[in-house]
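Hi,

Here is the model I promised to pass on.

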Amino acid sequence: MGFIAEGNTLVWEDAEQYAQYVKDHGIIQFLNIYNANKDRFADQFKWGDEVEYILISKDQDGKSFKLKLRAHEILDKLFQEEKMNPDNVDYLWRPEYGRFMIEGTPGKPYIGMGRQLLAVQTSLQGRRASVERYLKQDESIVTLASYPLLGVKQTFTEPSGQVRGVVAESQFLPDTVINPHFRFSTLTANIRKRRGGNVSINIPMFKDTNTPAYLDSTTYISSPSTSLSSTKPYNIYMDAMGFGMGCCCLQTTFQLSNIEEARTVYDHMAVFAPIMLSLTASSSIFKGYLSDIDARWTVISQSVDDRTPEELGQRELKHNKFVINKSRYDSIDSFLSRSSSFRSEYNDLDLVYDKDIYNKLIEGGVDDLLAKHYAHLFIRDPLVIYSDKITIDDTKHSDHFENIQSTNWQTVRFKPPSPGVDIGWRVEFRPMEVQLTDFQNAAFIVFSALMVKAVSDLKLNFYVPISKVDENMKTAHNRDSCRVDKFYFRKNIHNNSPNGSIESEYELMTINEIFNGKSDFTGLISIVKRYVQSLNFDFETNQTISKYIDFVSKRASGEIKSISTWTREFVRNHPDYNHDSIVTEKIQTDYLARCLDITNNIIHDPEIQGNFN
Ligand code: ADP
Ligand code: MG
Ligand code: MG
Ligand code: MG
Ligand code: MG
């Protein structure tokens, strides 16, 4: 979440009045940052991860788990430690959307590669231990991408709460699931008000042998925009931001040496995003049903979709300026690099952008691609405005820029420096789903870091047309996509002087082929392995990294199951399961107990862990 300002937030009717002001000044702020930093060079490779945790507690009778709504209390204690020792804490803790969530990052970014790579897993272990000091006896934290019974029968939280609160007006989630900080409830309410009704999240239900049609028909349809797809058979309907933002992500951020390197890394990691979403897929149960998707992304995307009917193209544009093709939480719409491997034809989506803002950026000295990128992000309105932070010094602050930037939740984020601190151009890699164990999370964090460095140092070329990246993003959600589906991928990732047709550059490959190779394609694993060799790490570092790379390789080959697949099989093999897609309280209890045992090293499950730990 980054910095969360304290203060009074404006309700939508008031915020709307200031939307243009915030955007105008956001662009001025960006131009100030851009012009002060465009020539920065030789910044160190600094990087870090963000891991999200959920807090659960066991019922008094020991028979069921609940989402425990007091993560903010634990966060307060962790904040105290940070306040007492602001420059030297081991971990930084930040609030997340759910009152049952918490986010942890390393206290300082890692610098370079080398033995720093060993620090990742140690940091993750330390983070868990750090939170655990403040847990009550019946409480645990778990890195679970989606909580199975979120939104089921009003009995899934401790303490329980009333649904249909004034903020989310959800028929499934009480407002008490939302972090008590103003920002989160204001976001929730303002998205709902802006679009003119509750968000409407619809995902396909897994059709098992006994799944009746219209299973989710208990759903009460609350607004016209929800009515269509939510009444279809075999559909899971959810109506609140918490269903998406209550999911846990695994993110990594990288500072590159200069703006051009950052732009190039941004592009290639954008192509890599759906591949990693598929490989890390960890969510196959939503609102108590087995779903027919394996990944959380679309759920979050739909959960914060603030587009109005005009922006959705359902009504003539009168009040709004643009018909917009995607949610604010979605894959990126344009590549940014000016490297020789980039061909303008790769940007084959019809980019929606604000021409006035584009012109201001061009006048301010920004080039066409970057100007279009920001003019595209700025088609969105600011959702949370602090009344005491409207008139600010645009040379010293970037709040208005960050307001729009940080509520464009895309697969990758291009992060400019911040005013007043010595920080470079960064790229945030955002698609991955959180894994159960510190080993698994460390493996994906380190692998993404190696990939970024390999892309940059070996000049790998992942480009495919961006429309194909979008198709890959859809594919990545499919049940077991990691083992059964094919993704558009470049045939030759070493070729940087492209010639010939764009269509001849790529083909469909399985995740296994992309990672482990095939007759005419080397595969990323061996490329990364060779790259690691070239870095001449010490023995211990090499051994640890080899384990991470082997784990990723085995996940890609299917030898190690994704957490989604494993979860689905756990449910389907549970004696209480009726093959009707319903995940009961008892199934969840046994599932969470198993997850905790694996996380806490009490049992080892080779199906998802192989022989690694
Ligand atoms: P957000 O929630 O906005 O994505 P966070 O502050 O939660 O951001 O996380 C920022 C991440 O970036 C952390 O992993 C942190 O270690 C990392 N980071 C911090 N400073 C730098 C830097 N100079 N370069 C690269 N990464 C950094
Ligand atoms: Mg977060
Ligand atoms: Mg964060
Ligand atoms: Mg965040
Ligand atoms: Mg982040």
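Below is what I found, going from the overall fold down to a few elements.

A word on conventions: this is a predicted model, so local features need pLDDT of at least 70 and side-chain atom pairs count only at pLDDT 80 or more, while totals for chains, interfaces and linings use all residues. Residues are numbered from 1 along each chain as its sequence is written, and chains are lettered from A and ligands numbered from 1 in the order in which they are written.

Overall, the protein has 20 helices and 18 strands (DSSP runs numbered from the N terminus: H or I of at least four residues for helices, E of at least two for strands). Its radius of gyration is 23 Å, close to the 25 Å from the globule rule for 613 residues, so it is as compact as a globular protein of that length (taken over C-alpha atoms; the rule is 2.2 Å times the number of residues to the power 0.38). Buried residues make up 51% of the 613, where buried means 20 or more other C-beta atoms within 10 Å of the residue's own, with C-beta atoms placed from the backbone.

In α12 (438-457), 17 of the 20 residues are buried. This helix reaches 28 Å from first C-alpha to last, close to the 28 Å expected (1.5 Å times one less than its number of residues). After α12 comes K459, with a positive phi near 50°. As for α18 (563-572), 8 of its 10 residues are buried, among them W566, R568 and F570. Its cover includes β11, β12, α19 and α20.

Finally, strand β17 (486-490) has 4 of its 5 residues buried, so it is largely enclosed by the rest of the structure. It runs antiparallel to β18 (506-510), joined by 5 bridges (pairing takes at least two DSSP bridges), and F487 stands opposite M509 in β18.

Cheers

Notes. A residue is buried if 20 or more other C-beta atoms lie within 10 Å of its own, exposed if 12 or fewer, and partly exposed in between; C-beta atoms are placed from the backbone. Two residues are in contact if their C-beta atoms, placed from the backbone, lie within 7 Å.
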